[in-house]
Amino acid sequence: AGDELMTFMRLANYACFNDYEARLLCDRTGRSLEQLAGEVEALIVTRGGEGSHIHADGRRYEIPCVEADSVVDPTGCGDAYRSGLLYGLAAGWEWEKTGRLAAVMGAIKVAHRGGQNHRPSRDDIAACFARTFGSTLW
């Protein structure tokens, strides 16, 4: 129910949803994403091949999709994306860099079958980031 979802939002620091879940959250609570973003430090919405949005600091950061080497299996892509978010948060990075790392992690994952059958090295991740965004990661 909308009231229960709002309670969860108020208890969270960060909230991350895919686009379908975000639409349901808006429908059930009767609030827009911008209104919901006011309840947390950051509200992240992944949009598959269309990239993602990070609502934080009163802004909406547009994070582009990173082109994968191949599209093999989307299983676990959301978790891989969130691993990039968590790394960036723990490192104290700004939102755009954090979101871009998250997008890189999702792209690396989608090129492998299964949820945990990929083992990119730091060098692999940094190379994908540099190739895509033209800047260094570490």
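Which residues in helix H4 meet which residues in H5?

A: Quick housekeeping: this is a predicted model, so local features need pLDDT of at least 70 and side-chain atom pairs count only at pLDDT 80 or more, while totals for chains, interfaces and linings use all residues. Residues are numbered from 1 along each chain as its sequence is written, and side-chain values use heavy atoms, with hydrogens and water left out.

Now the pair. On the H4 side you have Cys 77, Ala 80, Tyr 81, Ser 83, Gly 84, Leu 85, Tyr 87, Gly 88 and Leu 89. They meet Trp 95, Thr 98, Gly 99, Leu 101, Ala 102, Ala 103, Met 105, Gly 106, Lys 109 and Val 110 in H5. Contact here means heavy atoms within 4.5 Å. H4 covers residues 77-91 and H5 residues 95-110; helices (H or I, at least four residues) and strands (E, at least two) are DSSP runs numbered from the N terminus.

The H4 and H5 axes are 7 Å apart, at an angle of about 150°, which makes H4 roughly antiparallel to H5. Axes are lines fitted to C-alpha atoms, for helices over the stretch in contact, with angles from 0 to 180 degrees between N-to-C directions. Under 35 degrees counts as roughly parallel, over 145 as roughly antiparallel, 65 to 115 as roughly perpendicular, and the rest as oblique.

Follow H5 and you run into H6 (residues 122-133), whose axis comes within 10 Å of the H5 axis and crosses at roughly 115°. H5 and H6 are therefore roughly perpendicular, and this crossing is right-handed as well. H5 brings Lys 97, Arg 100, Leu 101, Val 104, Met 105 and Ile 108 to the contact, against Ile 125, Cys 128, Phe 129 and Phe 133 in H6.

Cys 128 deserves a stop. Cys 128 is buried, with a relative accessible area of 7% (buried is under 20%, exposed over 50%, partly exposed in between, with a 1.4 Å probe and protein chains only). A disulfide needs a pair of cysteine sulfur atoms within 2.5 Å, and the count comes to zero. Cys 128 is in none, since its nearest cysteine sulfur, in Cys 65, is 10 Å away. For Cys 26, the closest cysteine sulfur is that of Cys 16, at 14 Å, too far for a bond.

For contrast, try the strands. All five residues of S2 (42-46) are buried, so S2 is largely enclosed by the rest of the structure. One face carries Ala 42, Ile 44 and Thr 46, the other Leu 43 and Val 45. S2 pairs in the parallel sense with S1 (residues 14-18) over five bridges, where pairing takes at least two DSSP bridges; Asn 18 is bridged to Thr 46. S2 also pairs with S3 (residues 52-56), this time antiparallel, again over five bridges, with Val 45 partnered by His 53. S2 and S3 make a hairpin with five residues between them, and Gly 48 in that turn has a positive phi of about 60°.

Note on methods. Left-handed = near helix turned anticlockwise from the far one by under 90°.
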